[in-house]
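Q: I am new to this structure and would like to go through it step by step. Could we begin with the terms?

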Amino acid sequence: MPPPGACRTSRASDPGPAQVPTVRTPTLEIGYEEWGDAGGAPVVLLHGFPDDAHAWDAVAPPLAARGCRVVAPYLRGYGPTRFLDPAAPRMAQQAAIGQDLLELLAALEIERAALAGYDWGGRAACIAAILAPARVRALVTIGGYNVQNTLAPPRPASAADERGYWYQWYFNTERGRLGLEQNRREICRLLWRDWSPGWRFDDATFERAAVAFDNPDFVPVVIHSYRHRHGNAPSDPRFEAIERRLAERPRIEVPSVILHGRDDGVDVPRHSEKHLALFPDGTARHVIPDAGHFLPREQPAAVADALLALLGRTAR
């Protein structure tokens, strides 16, 4: 049964799963996948760009088998998740994604949860751990400390990194916005291939996720995210204080593990080598072989095992 405040909906004309539980927050109606006992230890799994909640399909069952309540939401702009206000600006700066997670926990009446995420989802998880550490039992962050400084002028990266970020520069142009609108599957499939070069996914696996990109908010949300982080889109005034705090790169103080796919084609492992100073003493960092950017899909056991190990060491 859905928790209080949640409702099951069926949107025959909308993209995303035909029937998923949803819950309303002050801003969104969030769709989510769920596994396990509603009374179990809560674990929230957060997908990245360009992906959807099915990224966790092989991570969640081992957690549920160990008594966890597992929730994998669709981020704003993906699948069945919708803005409540049709006129609201479709913004997706990092502070908004982090706030969405905290509001999801409140709406589901989850007082304290273990979190795992990568890419956008890893950023949301790290931000929640910074802003509300009492709400976060443990954190598995794929890619390390994913928090950005959106206030300082962007600094050039290495030539190899800049080449890998081509999609960000593309999305910062009008041509890129139109390209994402018209060719979203082609672009996203190319990113899957380039970011996880050793992963041999099939058409059905990609298409199951790509349905989530048909959300009418997907393009404006993605464009705002990649323009805002480079200073080319406005910030939501509600999040200015949070962005100022995040720009200081505050430490994460909750029990954590860092995972990184050895073959990640966009967020290469050397990026997280210096992140340990931003986590509690003793935090482990594991570079996972035979995995790229989409680690939960490629090596789900590594993620599940890291979560279970942390849960075993922390009080509920």
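A: Buried means under 20% relative accessible area, exposed over 50%, and partly exposed in between, with a 1.4 Å probe and protein chains only. This is a predicted model, in which local features need pLDDT of at least 70, side-chain atom pairs count only at pLDDT 80 or more, and totals for chains, interfaces and linings use all residues. Residues are numbered from 1 along each chain as its sequence is written, and side-chain values use heavy atoms, with hydrogens and water left out.

Q: Is Val-219 buried or exposed?

A: Val-219 is buried, because its relative accessible area is 3%.

Q: Where is Val-219 placed?

A: Val-219 lies in helix 8, residues 218-228. Helices are DSSP runs of H or I, at least four residues, numbered from the N terminus.

Q: Which residues does Val-219 touch?

A: Leaving out residues up to four places away in sequence, Val-219 touches Arg-177, Leu-180, Glu-181 and Arg-184. Contact means heavy atoms within 4.5 Å.

Q: Changing topic, how many disulfides are there?

A: The count is 0 disulfides, a disulfide being a pair of cysteine sulfur atoms within 2.5 Å. Cys-68 is in no disulfide, and the nearest cysteine sulfur, that of Cys-126, is 20 Å away.

Q: Is Cys-68 buried or exposed?

A: Cys-68 counts as buried, because its relative accessibility is 3%. Cys-126 also counts as buried, at 0%.

Definitions and conventions: Helix = DSSP H or I, 4+ residues; strand = E, 2+ residues; numbered from the N terminus.
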